[in-house]
Amino acid sequence: MLRPVPDADGAPFWEYAAQGELRVQACGDCGELRFPPRPCCPHCQSFASEWRPVSGRGRVWSYVVAHPPLLPDYAAQAPYNVVVVELDEAPRIRLVGNLVTGAGQPLGSLPPERLRIGTRVRGVFHDGLPQWVPERS
């Protein structure tokens, strides 16, 4: 499976994820949350930043279901979903991942027919990677 290749700005995101924490970059001056991470705040142009924890709760904003042909390591898991999740704390922040039935479950563990835009989700972690699971109502 492909692993993230962090750059200097995004490395803390992956370090926190490896600890099971979902954090996003925030401006150290105006406090605006931002993602993807970058050196300068797009709102006030400050270079000050910090990493703030977020709940990991959100909703499916968009999704796609991948079918073969794919990279060989992924083909056996197809069809699987790739979701874009809009975070509750910061609706302008959208994170990409997979919606699965539980932490560590295979990419295709959630049947494609269960995917819906607007589905409430929460973040979980497996092997240092964030995943999403449906929230129980």
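**Charged pairs and their surroundings**

Modeller: The structure holds nine salt bridges, a salt bridge being a side-chain nitrogen of Lys or Arg within 4 Å of a carboxyl oxygen of Asp or Glu. Before we look at some of them, please keep in mind that this is a predicted model, in which local features need pLDDT of at least 70 and side-chain atom pairs count only at pLDDT 80 or more, while totals for chains, interfaces and linings use all residues. Residues are numbered from 1 along each chain as its sequence is written, and side-chain values use heavy atoms, with hydrogens and water left out.

Let's begin with Glu-135 and Arg-57, which form a salt bridge with their closest N and O atoms 3.1 Å apart. Glu-135 lies in the segment after β8 (129–134) and Arg-57 in strand β4, so this pair ties together parts that are 78 residues apart in sequence. (A strand is a DSSP run of E at least two residues long, numbered from the N terminus.) Glu-135 is partly exposed at 25% relative accessibility, and Arg-57 is partly exposed too, at 36%. Here buried means under 20% relative accessible area, exposed means over 50%, and partly exposed is in between, using a 1.4 Å probe and protein chains only.

A second pair is Asp-88 with Arg-120, whose side chains meet in a salt bridge of 2.7 Å from N to O. This one also links distant parts of the chain: Asp-88 sits in the loop between β5 and β6 (94–97), Arg-120 is in strand β7, and 32 residues separate them. Asp-88 is partly exposed at 39%, and Arg-120 is partly exposed at 34%. Now put the two pairs together: Arg-57, Asp-88, Arg-120 and Glu-135 are linked in a network of salt bridges.

Strand β4 (residues 57–66) pairs with strand β7 (residues 120–126) in the antiparallel sense over three bridges; two strands pair if DSSP finds at least two bridges between them. In this pairing, Gly-58 stands opposite Val-121 in β7. β4 also pairs with strand β5 (residues 80–87), again antiparallel, over eight bridges. There, Glu-86 in β5 is the bridge partner of Arg-59. Glu-86 is buried, with a relative accessible area of 12%, whereas Arg-94 is partly exposed at 34%.

For contrast, turn to Arg-34 in strand β2 (residues 33–34). Arg-34 is buried yet has no salt bridge, and the nearest side chain of opposite charge, Asp-9, is 7.3 Å away; Lys and Arg count as positive and Asp and Glu as negative, while His and the chain ends are not counted. What joins the side chain of Arg-34 to that of Gln-25? A polar contact of 2.8 Å does. Such a contact is a pair of N or O atoms within 3.5 Å; within protein, one must be able to donate a hydrogen and the other to accept it, and residues adjacent in sequence count only if both atoms are side-chain atoms. The backbone oxygen of Arg-38 also lies 3.1 Å from a polar atom of the Arg-34 side chain. Beyond four places in sequence, Arg-34 touches several residues, including Cys-27, Cys-40 and Ile-93, where contact means heavy atoms within 4.5 Å.

The strand of Arg-34 belongs to an open sheet of three strands in the order β2-β1-β3, with antiparallel pairing. β2 and β3 (49–53) stand at the edges, each with a single partner strand, so one side of each is left without a neighbour in the sheet. Strand β1 (residues 23–27) and β3 pair over five bridges, and Ala-26 has Glu-50 in β3 as its bridge partner.

Definitions and conventions. Helices (H or I, at least four residues) and strands (E, at least two) are DSSP runs, numbered from the N terminus.
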